[in-house]
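Hi,

Here is the structure I promised to send over.

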Amino acid sequence: MSKLQQTYKVKAYVNASHAMRWANGVGQKHNHTWELIFEIKSLEDKMIVFKDIDTVIKSVTSIISGKYLNDLQEFSEVNPSLENLTEFLFSQLNQELKKIGGQLIRLEVGESPTHSYVISNY
């Protein structure tokens, strides 16, 4: 019998704006309320306190919260697209979650109710 996969699932919202960079210039600056859905597993099969998870999420999302992504160092050389934002958040969150015994195994970032990008590490 295979072992069941046990994970924590947390949802958060962050307001930030961006403008896409195109070959012929920069697009229109616009705002999003980004929906973030995190799936986290314990590295040692021990309980992770939700308060600790929330602290990590708040710490990482504060980098982008209320900001114009184009102005951030993290997006100075890459387009502040949904895909690149998701990759940035996944990397940052995974590093920080390891400090509390967790691993980010799935991150879904939605820029609208109908459009999301997902990275998973199952």
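Below is what I found, going from the overall fold down to single side chains.

First, the ground rules. This is a predicted model, so local features need pLDDT of at least 70 and side-chain atom pairs count only at pLDDT 80 or more, while totals for chains, interfaces and linings use all residues. Residues are numbered from 1 along each chain as its sequence is written, and side-chain values use heavy atoms, with hydrogens and water left out.

The protein chain has 2 helices and 6 strands, where helices (H or I, at least four residues) and strands (E, at least two) are DSSP runs numbered from the N terminus. Reading from the N terminus, the order is β-β-β-β-α-α-β-β. Along the principal axes, the C-alpha atoms fill a box of roughly 55 × 30 × 25 Å. Of the 122 residues, 39% are buried (under 20% relative accessible area, with a 1.4 Å probe and protein chains only). Among contacts (heavy atoms within 4.5 Å) between residues at least 6 apart in sequence, 62% join residues at least 24 apart.

Helix 2 covers residues 82-98. From first C-alpha to last, its 17 residues reach 24 Å, close to the 24 Å expected at 1.5 Å a residue (that is, 1.5 Å times one less than the number of residues). Its buried residues include Leu82, Leu85, Phe88, Leu89 and Leu93. An α-helix has 3.6 residues a turn, so residues three or four places apart point the same way. The buried residues of helix 2 pack against strand 4 (30-42), helix 1 (50-61), strand 5 (102-112) and strand 6 (115-120).

His18 is worth a click. This residue sits in strand 1 (residues 8-18) and is buried, with a relative accessible area of 2%. Its side chain makes a polar contact with the side chain of His32 at 3.1 Å and reaches the backbone oxygen of Pro80 at 2.6 Å. A polar contact here is a pair of N or O atoms within 3.5 Å; within protein, one must be able to donate a hydrogen and the other to accept it, and residues adjacent in sequence count only if both atoms are side-chain atoms. Leaving out residues up to four places away in sequence, His18 also touches Trp34, Tyr68 and Leu69, among others.

Cheers

Methods:
Buried means under 20% relative accessible area, exposed over 50%, partly exposed in between (1.4 Å probe, protein chains only).
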